[in-house]
Structures are given as C-alpha cells and as structure tokens.
Amino acid sequence: MAWLGGGALALGGVLLVAYAAERGFFTPAFRIAAAFALGLGALGLGEMLRRRPRGEGDNTALVSALVTAAGAATLYGAFWAAHSLYGFIPAAPAAVGLIAVSLGLLALAVLHGEALGLLAVAAAYAVPVVTDAGAWGGVVDSYAGLILATGLGVAALRAWGRTGMLALAGASIWIVARLNAADVDGAGVLVCATPMLALSAAILSQRRGTLSGLVAWLPTVAVALTSLFAIVLWVLALGWTAAESHGPILSAFAMVAACGTAAITLRRGYPPRYLLVAPAGVVLLAAVAISGDGTIAPSLFLWFALMLAAVAGSGFAAGRGVRGLVSATISAASVAVALTLADRTLARTLPLGHAALEAAVGLVLALGAAGFARQTKAAESDLRVAAWVGASAETVALAIHAVTPVEWSPVAYAGLGLALAALAARLRWRGLAEAAAVAGLASFAALLNPQIARPALDGSGHLLTILGTGGGAALVQLGAWAMLRRARTGSNVAETASTLVVLTTLLGGFLALRVVTAPHGASAGPIDTFMDASLRTLLLLASGLALSARRGSGRLGQWRGPVLVGVGLLHGLVLQGGMLHPWWGEGGVVGGPPMADDLLPGLLAPGLLLIWTARGLIRVSRLAARVSVGAGALFVALWLVSELRRLFHGADLSGGFSYAEIAAYGAAAIGFAVGLKALRSRLDIVVEGASDPIIDALTWGLLAVSGLLLCYFASPWWGPVEGRLRAPLLLALGYGLGVGLAVGTARRTSGPLAAAAWTVSAVELFAALTLAVRFAFHGGAMRVAQHELSLETWTFSAAWALYGLAVLVAGARTRIGAVTGVGLGVLLFTAAKVFLFDMAHLSGAIRAASFIALGAILLVGALAARRLATAGSPLT
C-alpha cells in the first residue's frame, strides 16, 4: 500500500500541473510556482516522516522514502514545464536545476534507502533528454561520466548492487545514444572509463567490508559491456559506417582498460574465473573483421597489435593467480587464433612487418611460458605452460610461413619441430613435445599444398625439388623423433613423430613417382583423376595395414593403423565410390578390358584389402575390424554393380537402363548374399562367431532388393521403364539366375529367412511365367492395349493355375510351408480372376473351359495335398 500511495502522490503532482495547464485556472507562472511548492513540501514531509520515531513493524521508513521520491518527481516536472512548456527559463538553468534535484535526491537516498537511489540514478540520466541534449555541447559526455561515477560510488558506500547495475545500464544506453548521434569520441571515452570506475567501486566496497554479491559483479559486467563497445568502435574504424572518429585508438584503449580491469578482478578473486572470455572474444572478432582479400590502413596494424598485447598481458597477470589456469589458456589461445585469422590481411598490408609482429608475439608468449615455468615447481605438468608454449609455436610457425618459399615450407616446419623437440629434451616443459609433433604434422600437411603437389601430379615439377622437399622434411622429422625419444615424453608423442616420418616419406615418394611417370611436353594429357584417387586410397590402406601389423606400445601406436585405414576408407568412398565414379560421379570412359579395367584398382582392390586388413585390426579393436570388413564388402558390391553396368553399356557407363540389365542387378543381389555365406569363416574371426546374425540381416535386405528389381523394375509390361523388350533371352537368363540363387539361399538357411527366400524365388518365377505368356502373344511390345481378351486371358488363367498346382504339390512333397503357401495363394488368386474377370469378359466355350479347367486343377491339388500331408511329417 505504501508503494501504491507514493506512486499515486507522485502521479497526482504531475497531473495537477497538467490539469491546471489544460483548464487555465491559474496563470502559467502561478502553476509552475505551485508545482515547485508541492514538490518542496513533499520533500519536507518525507524528511519529517523519516525523523519520526518508529516502533517494531512500522513501515514509516518506506512511506517517507516514497513521499520524498514523489516530491522529487514533482520538481522534475516543474523544471521540465518551466523550460519546455512555457519557456520561462533557458536550457542551461533548467539543466542545472534538474542536476541539483538528481544529486540532492541521490544524497537523500543515503538516508532513505536504495529505492530512492535507483530513482535518482534513472532521473539523472534522463536530464539531458528532457532538456535537449544537443544544447549541452561537449559537457554532456562529462555529465554522463559524472552520473556513472556518482552512482557507482553510492553503490560502493552503501553496498547497493542494484544501484550500481542501473548506473552501468544507464551508461550503456547513453553510449548507444552517443554512437547513434555520431559522437564516437565522447562515447569511446566513456567506454574506456566504465570498467575502471566499476573496479574502483568494488575495491572501495571490499575495503569497507560491505562487498555484496551484486557489487562484486560490477567489474565483470563492466568488462563485458566495454568489450562489446570495443568491437563496435573497431567496426566503425573500418569504415563500415560513415562515422569519422578516433575509433581504432579508442577501441584499443578500451581493450586495454577491459583487460586490465579483468586481470585485477581475477587476481582479487571476484567472479567469474572465465572473465577473460569477453576481451578474448573481442580480439577474435577484430581479427575476423579485418580478415579477407583486401588490405587495412597501416595505423590499424598498430592498434591491433596493442589489442593482442593487452589480452596477452592480462592473461599472464591473471594466470599467475590462484585461479589462473582458465585465464592463461583463454588469453594464449585467443592471441594465437586471432593472429592466424588476420594473417593474410596483415601480410598484404605490411609484407615484412606482419612477420616481425608474429615473431615478436611468439617471443612474448615464449617468455610468458618461461615465467609460468619459473613460478611453478612442476613445469612438466603445468597446463599454463603447455598453453603458452602451444600458442608461441603457432605464432612462430606463422612467421616462418611468411618468410619461407612455399616449396621449402615442409622443411621449415620440420625444422621448427626439431627445435621444439630439442627444447623438450632439455627443459622437459609440458607442451614442448606436443608442439614438436604438431609442427611435424604441419610439415606433412605442407606437402599436400597445391603449389607443391600439383606440379608433381601433372609432371611439370622438378624431381630434385620434390626429392629435396619431401626427403629433407622426412630427415628433419626423423631427427625430431630421435630428440623426442631422448626427452622420454611418452609413447604417444614419440609414436606420432614416427608415424609422421612414415607418412611424409610415403607422400614424398608418391609425388616423386608422379613426376617420373607423368607424361611431359606436348603428349601430356589431363590427369586421370579416378586412377589418381585409386592410387592414393591404396597407398593409405597399405600404410594402415603395415602400421596395424606393427603394433605400437602406446595408445597412438595402437590406433595409428586403424586411423590411417579409416582415412583411406573415407577417401575411397567419397572419391572412387562417389564424386569420381564413372557412372554416377563426374563420368568418363572406363579404361582397360572388362573385369581388368580401372574399376579393379579403384573398387575391387580396396575392398579386398579392407577385408584382409581386418585380421590386423582385430588386435586393436574388434569394432574397427567389423567396420573394415563391412566397408570392404561395400567396395566389392560397388565393383560388381559397376562391372555389370559395363557389360551392358561398354566403357561409357552413362545412359538409361535395359530390362535385362535390371534383372542382372536383381540376380547379383542374391549372388552377393551367397558370397557373404562363403565368407562366413572370416567373419566368424572378426565378430567372434556372431557372423550368422550379420549375414542373415544382410540377406534379408538383399532378398528384398532382388524381389523388388525382378518383380517390378525389370518387367517390360508393368515396370517403370518404358520401351520395347529387345533381349528376351538375356531377361530370361536374369530371371533364371535370380530364381536359382534365391533357391540356393533358401537351402543354405533355415527358419523365417529360408521361408522368405523360398517365397521370393516362387514370386520371381511367377513374374517370369506371366511375362513369358505376355511375350508369346505380343512379342517385345508388351505395353500395347489388349483388343482381344478371350484366348490370352484364358491362357493366363490356365498357366497360373498349373503353376499354382505345381508349387503346391512341390511344397507339400518337400514339407516346406512357405512353398505350399505360395502355391495355395496363386491358386486362390487364379480362382478370383476366373470368377471376377473371366466371367465378365469371356463367353461361350472358352468361359466354360476356364471354369472346368480351374475346377479340375483345384480338385487335383486338394487331393494331392491331402495325400502328401498324411504321408509325411508336418510342414516347416
């Protein structure tokens, strides 16, 4: 009720002034005077209520505070009306009066409580808006800083966290308004001052022993806001807006203020420990902003360097504290990543200066790592040391990249790895050995640079250059590996180095081989990308097989072979099996004779190699072995489908489908299932005797594919492919192979899978019989409309009935329930056709013959099934 009463009183004062103005009861001067009198009276009443003695549970303090606030609001309204409504006083006196009311209200807040302080801060920020901020000139920015300092000071003295947060929020709104008004300089000064004022408030409150939760968070919020506005100022400096200002300088100094505040905040134990994320994010965004294909002003180069120094310095200062690990890691990582992002732009802006900057930053980071190593007693396990060593190695690698010719960059990176390995052997700092291994990886990756690999692949490169680059990098990496073994850094790092030596040697040898074997001069043609990809896949798989056979001692030594096999597997599936495939990929003509063409090294050889590799992988991971066998089977399946395509289309695999081709795919699906059965013993080794469920699951899918292809897609009558049947014997052969292989699959299996195989074989044979009858009447043009139905319709009924009887008898004789069911189903389907279709479309003797023949067949089938059922065992 007190809050409602105070609000009503304040609203009443404002409404009184408005009502008097509307009705014209008093002169304007009298109205303003009455408003001033009412406001002063409310202030006096509030002070009288505050001094009144209070008993337990008395809420007089709240009432007095709200009455005082209502009086201040009335005075605000009076000053506003005197200036804006009636023009009695100019802007300057009105501003002075409003400032006096705001500061007086802030002073009274010390006596009345935080609610009045919140009102005073909000009202003080509103004064320039009420009195036309444009008339204030340059004083308006100083005024905003004064209100921020006053609000934070009161928050520190009285431990009013909400008042401090409101002061920061008001300053942020004010900064946005000044940026919108193109006053970038004034906004930038306030941005720089905000974190230092917030930190001073927190320190003052801590020294007075009144540090509360929200007050302790004031520096954190200020650092976050300053970081946000720092990147805005940086964007303005890049010319993305029309603002002309000292944006780069202000942005850099805002970063210095934010980083310094963050470092002191973290050292004093204020929350949170990840405070440096905000300035680190700014330096990353600043790097992204200047990255691209253009250049920047040379002055931005200097201010960007100042940003990097601020982040690094704050990270080092905060990192030496109790909770310094997070800060040290964030700062080092952000500096290294920011330099990496901005490297290209900095190189175009200052070709030599950016290399000097990167080398200098690398040296600073190395000195920081040394400082952390001296502080701790366990440099070999300190993560701060590792983070700064890694960041230093990254920036030094950038400098090496800037000054080294591309063709010799593999050797240069390997030299960096050798230097790091030598330091690791001497100093034993954490991160040195790992950085040496990463430098070796960079050396290997540099060999894949198109400027090195492309001349080798097209034969235009120099053999001595390739040998010097690849061989030199491998030799230097070998020296780094020897140093790492002396350092006794752990098996994983040493195994990484040795693996990279092997990979670099293989890649260098492959490039040299391409230089020797590629055609030169006028006879040089385009590179066969499919064969190139095939050779790379085989090289990767062979390397993985070799490394899997030589099992290392560490985890990396165990897994480097499987990882290399996985890389080769993905490489082959994506390239030969996808993007470069001569059928559904980029296309092209397959070279070589059928079954011994380009598809053999591209698909069949990797498949067989993957299946063979499973024996080596099983010692490391049974899952990896299973994946290897499955991928190998997939490669073999792709080869089988591709070779079938070539049998029908020749070397050019493009074009449509023929009916016989689709039937061949259906037969091949069942044949692949039979082949999996033949691999059962090898699969048992890989999957611990659980090959049957895997093969059964695959067989289910292959049966479904075969049935769909042969019973629908391969049909020249009802299938989706239009056209005339031109190779009936090939189509019949495809159906025959499909049915025969399905019967063979059924005989090799049992249970539901065998029933499914019998069913598929019977349905496929039924589809073939139907097509044969149709072909007998229409030849290859099976899609023509039927004009004379009697004889053809009767023939279908007779053939189906005889087929159903034969299948029913065969199922009853062999005691196979699935076969019996198919035969019974065909007979019932034929009966339905005769009663529903033949009766309506046939006439005379042919209709009578249909019913007589059907009846006789059904009776014979029933008698045969009964006799066979009583003579043998139950159906299966």
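**Entry 1**

I began at Trp800, which is buried with a relative accessible area of 10%. I kept in mind that this is a predicted model. I then counted the aromatic pairs in the structure and found 14. In one of them, Phe766 and Trp800 are tilted, at 5.5 Å centre to centre and 45° between the planes. This pair links distant parts of the chain: Phe766 is in helix 30 (residues 751-778), Trp800 is in helix 31 (residues 790-814), and they are 34 residues apart.

Is Phe766 buried or exposed? Phe766 has a relative accessible area of 18%, so it counts as buried, the cut-off being under 20%.

I looked up Phe766 with Tyr803 next. They also form a tilted aromatic pair, with 5.9 Å between centres and 40° between the planes. Tyr803 is buried, at 10% relative accessible area.

I noted one aromatic cluster that holds Trp717, Trp718, Phe766, Phe796, Trp800 and Tyr803.

**Entry 2: Charges over rings**

I checked Trp717 again. Arg774 lies over the face of Trp717, 4.4 Å from the ring centre. I found another case at Phe657, where the charged end of Arg645 sits over the ring at 4.9 Å from its centre.

**Entry 3: Thr376**

Where is Thr376 found? I located Thr376 in the loop between helix 15 (353-375) and helix 16 (383-403). Leaving out residues up to four places away in sequence, Thr376 touches Asp382 and Arg384. The side chains of Thr376 and Asp382 are joined by a polar contact of 3.4 Å. The Thr376 side chain also reaches the backbone nitrogen of Ala378, at 3.2 Å. I compared Thr376 with Arg320: they are 56 residues apart in sequence and 9.4 Å apart in space, C-alpha to C-alpha.

**Entry 4: Positive phi**

Ala159 has phi near 55°. Ala159 lies in the loop between helix 6 (139-158) and helix 7 (161-180). Its relative accessibility is 24%, so Ala159 counts as partly exposed. Arg428 has a phi of about 60°. Arg428 is in the loop between helix 17 (409-427) and helix 18 (432-446). Arg428 is partly exposed, at 41% relative accessibility.

**Entry 5: The whole chain**

I ended with totals. The chain has 33 helices and 0 strands. Of its 876 residues, 48% count as buried. The accessible surface comes to about 39,200 Å², and 70% of it belongs to carbon and sulfur atoms.

Note on methods. Residues numbered from 1 in each chain as written. Predicted model: local features only at pLDDT ≥ 70, side-chain atom pairs only at ≥ 80, totals over all residues. Heavy atoms only, no water. Helix = DSSP H or I, 4+ residues; strand = E, 2+ residues; numbered from the N terminus. Contact = heavy atoms within 4.5 Å. Polar contact = N/O pair within 3.5 Å; in protein donor to acceptor, adjacent residues only side chain to side chain. Buried < 20%, exposed > 50% of the residue type's maximum accessible area, 1.4 Å probe, protein only. Areas by Shrake-Rupley, 256 points an atom, 1.4 Å probe, with all protein chains shown as cover. Phe/Tyr/Trp six-rings, centres within 6.5 Å; stacked < 30°, edge-to-face > 60°. Lys NZ or Arg CZ within 6 Å of the ring centre and 35° of its normal.
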